[in-house]
Amino acid sequence: MLRRTLNRWLGRDERRVDSRNICVGHRSSSNNEAFIPPKFCDNRIVSSKYTVWNFLPKNLFEQFRRIANFYFLIIFLVQVIVDTPTSPVTSGLPLFFVITVTAIKQGYEDWLRHKADNEVNKYPVTVLEQGRRVRKESEKIKVGDVLEVDEDETFPCDLILLQSSREDDTCFVTTASLDGESNHKTHYTVPDTEKDLESLNATIECEQPQPDLYKFVGRMHIYKADQEPAVRSLGPENLLLKGSTLKNTQTICGVAIYTGMETKMALNYQGKSQKRSAVEKSINAFLLVYLCILVSKALVCTTLKYVWQNKPGQDEPWYNEKTQREKDTNLYLKMFTDFLSFMVLFNFIIPVSMYVTVEMQKFLGSFFITWDKDFFDPEIKEGALVNTSDLNEELGQVEYVFTDKTGTLTQNNMEFIECCIDGFQYKYQDAGTDLDGFCVTDGPANKVQHKAGREKEELFLRALCLCHTVQVKESPEQGQGQRDGLMDHVDGLGVDGEGLHPPPQEQRGFIASSPDEVALVKGAMRYGFTFLGFESKTMKILTRDNDVERYELLHVLNFDPVRRRMSVIVRSKSGDTLLFCKGADSSIFPRVRQEEVERIRMNVERNATEGYRTLCVAYKYLNAEEYAQADAGLREARLALQDREEKLMAVYNQVETGMSLIGATAVEDRLQEEAAETMEALQGAGMKVWVLTGDKMETAKSTCYACRLFQRNTELLELTVRTLEDGGRRREERLHELLVEYHKKAVQDAPPVKAGVTRAWSSANHDYGFIIDGATLSMVLNSSSESNSSRYKNLFLQICQNCTSVLCCRMAPLQKAQIVKMVKNSKGSPITLSIGDGANDVSMILEAHVGIGIKGKEGRQAVRNSDYAIPKLKHLKKLLLAHGHLYYVRIAHLVQYFFYKNLCFILPQFLYQFFCGYSQQPLYDAAYLTMYNICFTSMPILAYSLLEQHICMEVLLDNATLYRGIAKNGMLRWGPFFYWTLLGVFHGLLFFFGVRYLFGNPALQDNGQVFGNWSYGTIVFTVLVFTVTLKLALDTRHWTWINHFVIWGSLAFYVFFSFFWGGIIWPFLKQQRLYFVFANMLSSVSAWLVIILLILLSLLPEILLVVFRKPRGPHAGQMKPVHSSAGGHQSPRSSARPLLMRTFSDESNTVI
Amino acid sequence: MVKEEKEIANRPDNTAFTQQRLPAWQPMLSAGIVIPGFVLIGLAFIGIGVALFVTSRSITVLEIDYTGIEKDSACFKCSNADVKNCVCNLVFSIDSLFEGPVFFYYGLSNYFQNYRKYAASRDDEQLSGDLDAFTAPSDSCSPYDYNSNDKPIVPCGAIANSMFNDTFVLYRVVNGANKLVPLDGKGIAWWTDYNVKFRNPSVTPLKNAFNNTVKPIFWPKPAYQLDASDPANNGFINQDFLVWMRRAALPDFRKLYRRITDGEYAKGLPAGNYSLTIAYNYPVESFDGRKKVVFSNVSWMGGKNEFLGIAYLVVGSLCVLMSIVMLIVYAKFKFPEED
């Protein structure tokens, strides 16, 4: 029998490879069969990338996979192989520097990872082997080992909980290091396992490792000597994840099922997909242009060289004969090597250092976000978090903001406001006059001062107390042993009565996955029903009469966003089996008797329009037969290995029918601090704000009004199930009709929107707001016919883009991402930003260009997946308007400046070819060629790109409109790029020809001696260094001491270096080209005069431009009184009007 | 205690740097500063420009091409490459006193001293007197490193090999008689080249250092016999050699040949007729080059250079002009941000 069962399992295993079989404690389940233990990976965590041996090749390979590094490597190799004008050192040294620094950094990081790995891998753990406790290193754990873990220890691998020291077979765990949720989570032992683990003979069958932290299916077969094997289902509640910590439990035993790199933690550490910023795309485009310039320069020179050599006597004058080898070389090969030589000569036009500087700017710049004390939230004692520094500048380019509602716009700090029992409204009043704290305020108009029956009231409150997954928090100082004492304390409280001693009452902590539940339990507590906690599957509640009632918890039908409800099945002392269900009205109403619905629906809708979150509560009695059926169904579904979710869902739906509605609750979710001001600022900055929420339309709409996303004069275009059903025709037709109508209204009739115009608050032109719900959206996106679908999508997009704000309610997480993706890929590919705090926002956070997580209450998943995390919504304003704006301006200037300074660096060298017989003679000495980008001109621009504030932060924050000035990648479009390129060309020409005409007579010293070619190059180079540095100084609007230091410092360094470089006969140099060239140059008055002249002449147009452009430039905003008054306009608006008044008066604006 | 520390650790530093609030100077280039600035700069430039221009004008330059391409030119007979040891006489006259000190340059055009291969064709170790490099010249000198008998060439390389070897003797024609004008060959090369960079091997007599080496192919005499009149002016520190080794930047260049500073000519060359005897050795015809001699005096700004003065005048006037334009614009439109 046993064997047959086993064979069946094994047989099934052969068919399905997506599950694994584990013998608990390596005890083979049957003795008469040769059991081959399957191979699993060991428990070594390897997060490091390299070993000592493969570090060099692997790291180099990875570095040279970057296109820029590869390009420089090629240039270097060409220099080594071909006889090129500059020595390989000139490009080899910078490349070597970059590669080495990167390698050292990566090596150090890897060393840290090695250290961390070792710490984890060598951590001692206790393994139970044949009844003995054996200390082992963590890496030696094998799948199937039974481990013992003590309190406050971290689980060394993924474990199935077999035994707990707690009496109720539970243990508490925090997953702070996994998802940041610091609350205690309860995990359960596998039911019915024997207390003596030594004699436990069981196998576990579970799915293959997968990264979802919250999903796990498996089952355990327990073999007892003389019985049928028992089968127990295993779910995430039995699984202890590696990385989480045991709390409030002395010790547990568990069996390892996933080890090492197969643990859920390790699987979750796989890198996120790289997001690339628009600036990077611009850089690549510019790079292409410069590559073209480079290639064409080389081509021009090569061609001209051979044309020139054709003239008699030019190719090989008697004073410069060729070697035999050169004469023998094939002409085409010579042409090719000449081409390569020119490429090498001009390759400095694309500098290695730009990549380094950009990287450094991004890396160092992101610290300013982390350091900003305005982002520090004293409540959570944390500041902003930067997960990637690649997207800093993208923060200044946002066009669409997608925000979650709950926890983002609102605080997710739920407060029980009122409830409605059987159609009567109850509002809690502090220190109520009624003995029981219950007081009816204004019920339905015709039933004033009526109450529902006491029986109903109590049933409702019991339902609130029972229908949840809340746990009572045990404060850390009150350990296990003091639980009874705590209870006494609470009991005593109950006698005192509520309201008199609120502080101790508040001390009572509840822990739940959703703050709504806590609010409801606390709400019930105010009305006299206190939930005391679990005691091994029994829920205890303290009733109004101070009786402790115990209910046996039979099943929890978990909440999920699709069903939008949860239920519990409990058995009371008297033996009645009850099902309590709470959930969204839309999911409860169809499942209850219809005659009860109407009375409550009114209340629910009124509450919803007031901006409250409503939940309906229903119950039903289950008779023994019904319960048995439900119980069997649930157990069977829970055991299923495949499609467990679907099967469970089906059973849930089957059980949750025919209920009776008891009442509804209203919970207030307060707006985040400064939510309205933030939204207003974002809109003022030209961003379009879309609210994507799973909440219902009325609630979401009222939040939008509260946040002033919708104004009084906003005309709402509604495309929801409600409006679709209005016409009484087929939904598709109605959808088509509405879309066309709205399109006409919002897109065709609307005056063309002028960019850069502030939204006029009082002007006649219409604002449109658009509302769509999930069901309609899926109709739009997945219309029956393909052609319609794309057309609807287009219409929808166009309407949305012409609306100031869009509200999408009833969205599933994936739909949120869909919308983001749709906008992201629309015409002009606007930059999108998603902000959210919960797990349901992760998909859109990952999808958008920039994902922002709020360190909210719904765990840390959003934060973990975000690019930036901030504690509060209000911080978004500064993050975008100040930091984002500055970062963008800084990096845009950095990029343009880099291209510019290298163009005017190389252009004279190119021009010199016309005067040296196209022989690839470098104009500058090798040291100058190498040091130009590394030392002489790198620090000022780096300091600029870290510190520049062309407009100071306060002004940026006060005038949101300034953000529009840089919209659409304004500083990195082709226009500015062309301007900078032109400037570079102008400077390059000036430098070269200025000195060229000076050298018409090379006798420049007062002793009649002449200057040679290195003096020529040095004069040009000196002008160059001074001009590009002073050009930057001219652009710097914010001179801190650091700017002064680096700008004047690098000029001084250049002079010092030149003296030094020319002052010594360097033994390692083959040619002492620059010996005393610089000093001699300074002894010539003419050289001084020409340097001053050329610097000034180069900068003159710039100065003129600055002066003439200024009145129209962004700086004007700082002084114009007009703007400050605009800022003043905003503040009175900021004072929040009463929510209700606005909501109702605005309601009339709705179209339909 | 630990908790407190943690909180402090988490809280961002409230320093001016981390909060991006470093005190900063925020200069505004307003018209109020720029216009006077431009006027000042403009006037200063015009001043310098005038000075430069006047100085440049005061410099006298006498430039005579003696390539001998034209049939009627004095050195026509020598321009044929087949003629060896050709000497020609160039006669010219000076109308008024050629103020001294007069500098005597020779000039070459269409001559690419800045050709890359040519420029690299030297061995600085050899030139600094390293005897090891005498026997094994650097590869960069190729094909001027060994002669056909595999003897090392000293000094090696194309630059040294192509050293300019026309020689000039200047006579003042006084009453039909040629009176030698003494030419000073000292101080025509950079002081550092003469004293530091170039070194003869410390072997006496110098000739011995050149044992087992050959002179450059083009040279008539070995390096240790460059100046017969002054034994100290031989080898690598010969001034003419040093001048030649400092390569010109452009294909049209002049190099200092001699200074006329001695005795009666210290004040300058008096008006009168002069005869320049040229030992015509240097072939330039094959590459279409030109040779010339230049007599010039110098000022504080060096030789005659009109470019600098004109450029300063133009830029200075531009500045003034721009400031006037700005002033007009300013008066008309009243830049709103001016206080």
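The model is predicted, so local features are taken only at pLDDT of at least 70 and side-chain atom pairs only at pLDDT 80 or more, while totals for chains, interfaces and linings use all residues. Residues are numbered from 1 along each chain as its sequence is written, chains are lettered from A and ligands numbered from 1 in the order in which they are written, and side-chain values use heavy atoms, with hydrogens and water left out.

Start with the interface. Here 89 residues of chain B are in contact with 98 residues of chain A, contact being heavy atoms within 4.5 Å. About 8200 Å² is buried between the two chains, and carbon and sulfur atoms give 62% of that; buried area is the accessible area (1.4 Å probe) that two parts lose on being put together, summed over both. On the chain B side, Gln20(B), Arg116(B) and Trp190(B) lose the most area to chain A, together 11% of what that side buries.

As for polar links, 31 residue pairs are in polar contact between chain B and chain A, both residues at pLDDT 80 or more. A polar contact is a pair of N or O atoms within 3.5 Å; within protein, one must be able to donate a hydrogen and the other to accept it, and residues adjacent in sequence count only if both atoms are side-chain atoms. Several elements of chain B each supply at least two residues to the side that touches chain A, among them helix H2 (31–58), strand S7 (253–260) and helix H10 (306–333). H10(B) gives the most, with nine residues. Two salt bridges are counted between the chains, each a side-chain nitrogen of Lys or Arg within 4 Å of a carboxyl oxygen of Asp or Glu. One pairing, Lys117(B) with Glu326(A), has its closest N and O atoms 3.0 Å apart.

On to the cysteines. Over all chains there are three disulfides, a disulfide being a pair of cysteine sulfur atoms within 2.5 Å. Cys75(B) and Cys88(B) are bonded with their sulfur atoms 2.0 Å apart, and the torsion about the S-S bond is about 80°, so this disulfide is right-handed. Cys78(B) and Cys86(B) pair up at 1.6 Å, S to S, and that link is left-handed, at -55° about the S-S bond. Both Cys75(B) and Cys88(B) are buried, as are both Cys78(B) and Cys86(B), where buried means under 20% relative accessible area, exposed over 50% and partly exposed in between (1.4 Å probe, protein chains only). A disulfide also joins Cys141(B) to Cys156(B), S to S 1.9 Å. Cys141(B) is buried at a relative accessible area of 0%, and Cys156(B) is buried at 3%. With the bonded cysteines of chain B numbered in sequence order, the pairing reads 1-4, 2-3, 5-6.

Helices (H or I, at least four residues) and strands (E, at least two) are DSSP runs, numbered from the N terminus. The buried residues of H31(A) include Tyr928(A), Leu929(A), Met931(A) and Phe936(A). At the helix start, a side-chain oxygen of Asp925(A) comes within 3.1 Å of the backbone nitrogen of Ala927(A).
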